[in-house]
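Biologist: I have some questions about this structure. Can we go through them one by one?
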Amino acid sequence: MTKIDEVALAFLEELKTLGSYRQLQNTGTLVDFQSNDYLGLGHDPGFSGSLISFLAEKSHGGTEALAAATGSRLISGSYEEVSRFEHYLAEYYGGGAALFFPNGYLANLALITAVSHLGVSFAYDEYVHASQRDALKLTRAQAYQFHHQNLEHLQRRLRGAGENNLAVVLVESLYSMEGDYFDLVQYRKVFSGNESHLILDAAHTGGLTGLKIGDGVISRQGYISYDEQLLPRISAMPNPENESAAGDILPENMTLLITFGKTFGVGGAAVICSTAIKELMINKARPFIYSTAPPPYQVLAAFFAHNYVKNKGIKFVTKLQDLCQYFRGQAQKHLGIDLPPGPIFPVLIPGNFQVMRAAEELRNQGLGVTAIRSPTVPKNSERLRIVLHAHNTDKEIDRLIATLKSFGV
Ligand SMILES: Cc1ncc(COP(=O)(O)O)c(C=O)c1O
């Protein structure tokens, strides 16, 4: 064995003793209570079939090359499909511009590192995604953490950062480990001026909630959810300044990130922003500049998925809402626990080994649930992360509840 393997194995052994060793596991036939495929498109042969037909049509029987971008966007990787889709997204979400990325992780790295060149300071919710935190580590900017969803603490943090300093606030629309929604209405009441710019990572709500079917964001009237119950706190955000503008308008002082690998069932991400911020990313975002552009087939797949959800999403979302309501009711009745609106439900089982045992037990019953361990979440807040999808059933939920009950949740 080489020296480096020896050291690596010792390191991995140490992870095992902490209960934080990770292993790849095929999910196979397990009931899906873990993926981010909220509407079930990734599982839907109809969706896949239509997508393949769409791509075949776009390739004009093989005479059109869709396989590779062939270089970074600034070299040979900008092409008609990507600029057209970006234009479409900018119009659709009411931003001045949009920039497409191969995934949300890279999009966050690009956006946050580019913005850091403006001499701003950042304030971030303590539970924002790893990609936002990793991006901050790549900058020299001051970054202040604030307590989860605590706008009062955020205000204090911003005061501490200095009055003349433009602050960039990082939040998620739906926190992927907590299952709670960011209160944009309240945020905009508290931070109405020019003193801060919000970066809203809507990775988990893009396509799931929103103004028009399938959107996931903002209209002139603000967030309009499919169902006030699923999104009780993100509704009806008045934005009177934009009343006269045509189309739906991304609020000023806000940049939005959506991803296509979750609800939209394919892959990729887009930053919807002002033209100035788009140009800033093109000039200063290293993950954008020094990486091969996403291939045309990926861009076309994202375009297809966006339209698919826009036109057909309501059917799946309605089903998902009913399931979320059912699950919350059953969990309250049989387990005595109150859960967030859904579709992400954390069930606390403190301790890495304890939560892994619980997930294993569920797997033995054919139920796929992810154990979230520290350090992904703080110590003693380890949890099962239960995710519902439009393709789940009441019966599957009953089995899940019964199994959770059997080991004393
Ligand atoms: C909030 C949030 N942002 C960004 C990402 C990264 O997106 P992607 O999976 O497309 O890289 C994720 C992925 O889980 C996420 O949860």
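Biologist: Where is Thr70 placed?
Modeller: This is a predicted model. In it, Thr70 sits in the loop between α2 and α3.

Biologist: And what is phi of Thr70 near?
Modeller: Phi of Thr70 is near 75°, which is a positive value in a residue other than glycine. Most residues other than glycine have a negative phi.

Biologist: Is Thr70 buried, exposed or partly exposed?
Modeller: Thr70 has 14 other C-beta atoms within 10 Å, so it is partly exposed. The cut-offs are 20 or more for buried and 12 or fewer for exposed.

Biologist: Which loop holds His60?
Modeller: His60 is in the loop between α2 and α3 (80–93). His60 is not a glycine, yet its phi is positive, about 45°. His60 counts as exposed because it has 9 C-beta neighbours inside 10 Å.

Biologist: What about Ala56, buried or exposed?
Modeller: Ala56 is exposed, because 12 other C-beta atoms lie within 10 Å. Its place is in helix α2, residues 45–58. Between the C-alpha atoms of Ala56 and Leu66, ten residues apart along the chain, the separation is 9.8 Å.

Biologist: New topic, helix α1. How many of its 16 residues are buried?
Modeller: The number is zero, so α1 lies largely in the open.

Biologist: What should the span of α1 be, at 1.5 Å a residue?
Modeller: The 16 residues of α1 (residues 3–18) should span 22 Å, and the end C-alpha atoms are 23 Å apart, which agrees. Just after α1 comes Gly19, with a positive phi of about 75°.

Biologist: Now strand β9. Why is β9 largely enclosed by the rest of the structure?
Modeller: Because six of the six residues of β9 (residues 254–259) are buried. On one side those are Met254, Leu256 and Ile258, and on the other Thr255, Leu257 and Thr259, so both faces are covered.

Biologist: Which strands pair with β9?
Modeller: Strand β6 (residues 196–201) runs parallel to β9 and is joined to it by four bridges. Strand β10 (residues 269–273) pairs with β9 in the antiparallel sense, also over four bridges.

Biologist: What does Leu256 stand opposite in β10?
Modeller: Leu256 stands opposite Ile272 there. Leu256 is also the bridge partner of Leu200.

Biologist: Ile272 again. Which residues touch the most other members of the largest nonpolar core?
Modeller: Ile272 is one of them, along with Leu111, Ala270, Val271 and Ala305, in a core of 103 residues. Helix α10 (residues 296–335) gives the most to this core, with 16 residues. Domain 1 (15–49 + 313–406) and domain 2 (65–311) both give residues to this core, so it lies between them.

Biologist: Last one: which peptide bond to Pro343 is cis?
Modeller: The bond from Gly342 to Pro343 is cis, with omega near 5°. Pro343 lies in the loop between α10 and β11 (344–348). The bond from Ser374 to Pro375 is cis too, with omega near 15°. Pro375 lies in the loop between β13 (370–372) and β14 (383–387). Most peptide bonds are trans.

Note on methods
Residues numbered from 1 in each chain as written. Predicted model: local features only at pLDDT ≥ 70, side-chain atom pairs only at ≥ 80, totals over all residues. Helix = DSSP H or I, 4+ residues; strand = E, 2+ residues; numbered from the N terminus. Pairing = 2+ DSSP bridges. Expected span 1.5 Å × (residues − 1). Core = buried A, V, L, I, M, F, W, Y, C linked by C-beta atoms within 7 Å. Domains from an automatic or database assignment.
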